[in-house]
Amino acid sequence: MFGEPRKFDPKFRGPIHNRHCTDIICCVIFIVVILGYIALGVVAWVHGDPRKVIYPTDSYGQFCGQRDTLNENKTILFYFNILKCASPVVLINLQCPTTQLCVSKCPDRFATYIDVQASYRYRPDQWNYFRQFCKPGFNNPRKSVAQVLRDEDCPSMIIPSRPFLKRCFPDFSTKNGVLTVANQTTFKDGRGKTRNVTDLREAANGINNVLDARSVGMKIFEDYAISWYWILIGLFIAMMLSLLFLVLLRFTAGVLFWIFIFGVIGIIGYGIWHCYWEYDHLKGIPGSDLTVYDIGFQTDFKVYLQLRQTWLAFMIILCGVEVIIILMLIFLRNRIRIAIALLKEGSRAIGYIMSTLFYPIVTFLLIAICISYWAVTAVFLATSGEPVYKVMANQTLCKYANLTCDPETFNTTNVTKLCPGAQCTFAFYGGEGLYHKYIFIFQLANAFVFLWLVNFAIALGQCTLAGAFASYYWAYRKPADIPLWPLFSSFGRAIRYHTGSLAFGALILAIVQLIRVILEYLDHKLKGTQNSFTRFLLCCLKCCFWCLEKFLKFINRNAYIMIAIYGKNFCTSAKEAFFLLMRNVVRVAVLDKVTDFLLFLGKILVAGGVGVLAFFFFTQRIPVFAQEVPMLNYYWVPLLTVIIGSYLVAHGFFSVYAMCVDTLFLCFCEDLERNDGSTAKPYFMSASLHRILGKKKLSPKKAVG
């Protein structure tokens, strides 16, 4: 039904022999892409400047705090008129339409240029303080206020501020529920008006919350600094519990599954009884015999619970579910027994090849390298532009406003005459060269190759583990015939012969994932639109590509197993794996659900158990360790870290177990199709699996093994 009958090699004795390189063209392309990726990183490194991210930039394109410059001791960016800044995003992106200046410290008082100029003769200290927030070299308090504000030689006002993200933001605080700055609710804007502090709040919307978050962040950092030792101990306990659960699963897989099944049957049975009790209890009560159609749609759903018809419907649905589960247990009992036996066999295989439990560390390191390289390359690409200067004019009708300019020749142009007070100030980093025009394409390529490499690292891990566990299954006498160093040998085979095949599978998945990223970007951009059809179409596309990605992951995973066993190319392995699974589709469904349940149960047990232990420890409820508990600002910081970390540790161990079971299942299906249990074609499966099948007896040598 699914594919033509396969021809088996009668000399096949496991996944070690008869290897040759597969998908060579894709391997060559993959290597070329990696070399090109390295070249892209080098080019980005040459053109990029991460200082643009580390240091803020003033209106002259100079970095604040940069060594060996005039701004070396001026590490903070000051905004002449923060009221012109619409939001914190504008501030952080350096697009606020006001002069920006590097200063050594933020102002700590209210002052206006008008007041300082009027009193500079008998209060020179005020002028000297205010002058440090003016343009470098400006020291002419006699210049008229109108000209100073027009040319933006000095800010019209200064307000108490504090540095955040190396920028001066108003020092907001709350007093009796009222927003204040330095305990004042109003301030002079330096242009003859008295403004409310809420105007500053609107100009820097959300900054106060961010500043509060900074304080919380510092406390969280302190908690990590003094509790990291205990967090590591908690993760070590999680690792030991994960190992213990995998060992116990070898002996209790069947017990755990049947406890779960009978528990579900019991809960549903109680639900049926409760529905019948409610149905009988409402008998004779006025209004209970009405139908749902009679009362129509009600927003208060409690109304429906007062109808006998509702409880009768619930009871019928639960009875149907109960019957379906019982019938499935009756007709699928042998397949469930096979699934449980494969789970036990997986525990036995891991017991013989314990090194596989620690292979996820290799995958983690490879993915960490990919993420680090991608992030660094993205930062250098994002900072590859040259400084772009634009005309900033106070007059709204100036036709030169927002046009690019050259600060060195700006004063010789007619712009300053036609638009008095106009300045040529730094706007952003960009460029008109060929390289700068394709920055977005380079960023897209950076993201695509990153996805390809990450999927390749995952594929390499899956193929390596599959090869190791296939070596276990196809060992005729276990453990005597298991090859030496099966994990290391499998890794070598995957790299030497099948890099192209793994890269091919990873490439297909990376393309789909990149399309999903683009769809998410488009969805984010179109959220504010009113085009319902476009949003519906986009939602459908996202759903379809999500399903496609899940399907491809399933196909790739099993294709890698077939590659590890037979050493064929990706397309052939994917086709054979798919048809093999379709010929055993019921077994696949049963095994998948049984495995998912037991592993999910294990993750919850490990994370929950370690979490409860951590809770009692960090809340000083364990008398023996009460004196050892560190003093924390928030005890939930290490607690959540331990719980999440424990779940990830358990997931890492159990992912190996899941790969082991999937590999053994494919090998088991292959064994059934390839052999018949005779002396000429003996089964390679274990004695326990063979007993469940109820077929011919194993040969004496196999039975002993």
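Biologist: Before we start on the cysteines, what counts as a disulfide here?

Modeller: A disulfide is a pair of cysteine sulfur atoms within 2.5 Å. Please keep in mind that this is a predicted model. By that cut-off Cys106 and Cys168 are joined, with an S to S distance of 2.1 Å.

Biologist: Where do Cys106 and Cys168 sit in the chain?

Modeller: Cys106 is in the loop between strand E2 and strand E3 (111-112), while Cys168 belongs to strand E6 (residues 167-170), and the link connects distant parts of the chain that are 62 residues apart. Both Cys106 and Cys168 are buried, and the torsion about their S-S bond is -95 degrees, a left-handed link.

Biologist: OK, and how many disulfides does the structure hold?

Modeller: There are three disulfides in the structure. Another of them joins Cys64 to Cys102, with the sulfurs 1.9 Å apart. The torsion about that S-S bond is about -80 degrees, so the disulfide of Cys64 and Cys102 is left-handed. This pair also links distant parts of the chain, since Cys64 is found in the loop between helix H2 (51-54) and strand E1 (76-79) and Cys102 in strand E2 (residues 100-103), 38 residues apart. Cys64 and Cys102 are both buried.

Biologist: And the link of Cys134 and Cys154, left-handed or right-handed?

Modeller: The link of Cys134 and Cys154 is right-handed, with 110 degrees about the S-S bond, and its S to S distance is 1.9 Å.

Biologist: What about Tyr560 and Phe570?

Modeller: The ring centres of Tyr560 and Phe570 are 6.2 Å apart and their planes are at 50 degrees, so that pair is tilted. Tyr560 lies in helix H18 (residues 532-566) and Phe570 in helix H19 (residues 570-583), so the pair ties together parts 10 residues apart in sequence. Tyr560 is buried, with a relative accessible area of 2%, and Phe570 counts as buried at 5%.

Biologist: Which residues form one aromatic cluster?

Modeller: That cluster is made up of Trp228, Tyr229, Trp230, Phe617 and Phe618.

Biologist: Last topic, how do helix H10 and helix H11 cross?

Modeller: The axes of H10 (residues 308-331) and H11 (residues 333-352) come within 4 Å and cross at roughly 75 degrees, which means that H10 is roughly perpendicular to H11.

Biologist: Which residues meet there?

Modeller: From H10, Met328, Leu329, Ile330 and Phe331 meet Arg333, Arg335 and Ile336 in H11. The residues of this contact comprise five nonpolar, no polar and two charged.

Terms used:
Residues are numbered from 1 along each chain as its sequence is written. This is a predicted model: local features need pLDDT of at least 70, side-chain atom pairs count only at pLDDT 80 or more; totals for chains, interfaces and linings use all residues. Side-chain values use heavy atoms; hydrogens and water are left out. Axes are lines fitted to C-alpha atoms, for helices over the stretch in contact, and angles run from 0 to 180 degrees between N-to-C directions. Helices (H or I, at least four residues) and strands (E, at least two) are DSSP runs, numbered from the N terminus. Angles under 35 degrees count as roughly parallel, over 145 as roughly antiparallel, 65 to 115 as roughly perpendicular and the rest as oblique. Contact means heavy atoms within 4.5 Å. Ala, Val, Leu, Ile, Met, Phe, Trp, Tyr, Cys and Pro count as nonpolar, Asp, Glu, Lys and Arg as charged, and the others, Gly among them, as polar. Buried means under 20% relative accessible area, exposed over 50%, partly exposed in between (1.4 Å probe, protein chains only). Rings of Phe, Tyr and Trp (its six-membered ring) pair if their centres lie within 6.5 Å; planes under 30 degrees apart count as stacked, over 60 as edge-to-face and the rest as tilted.
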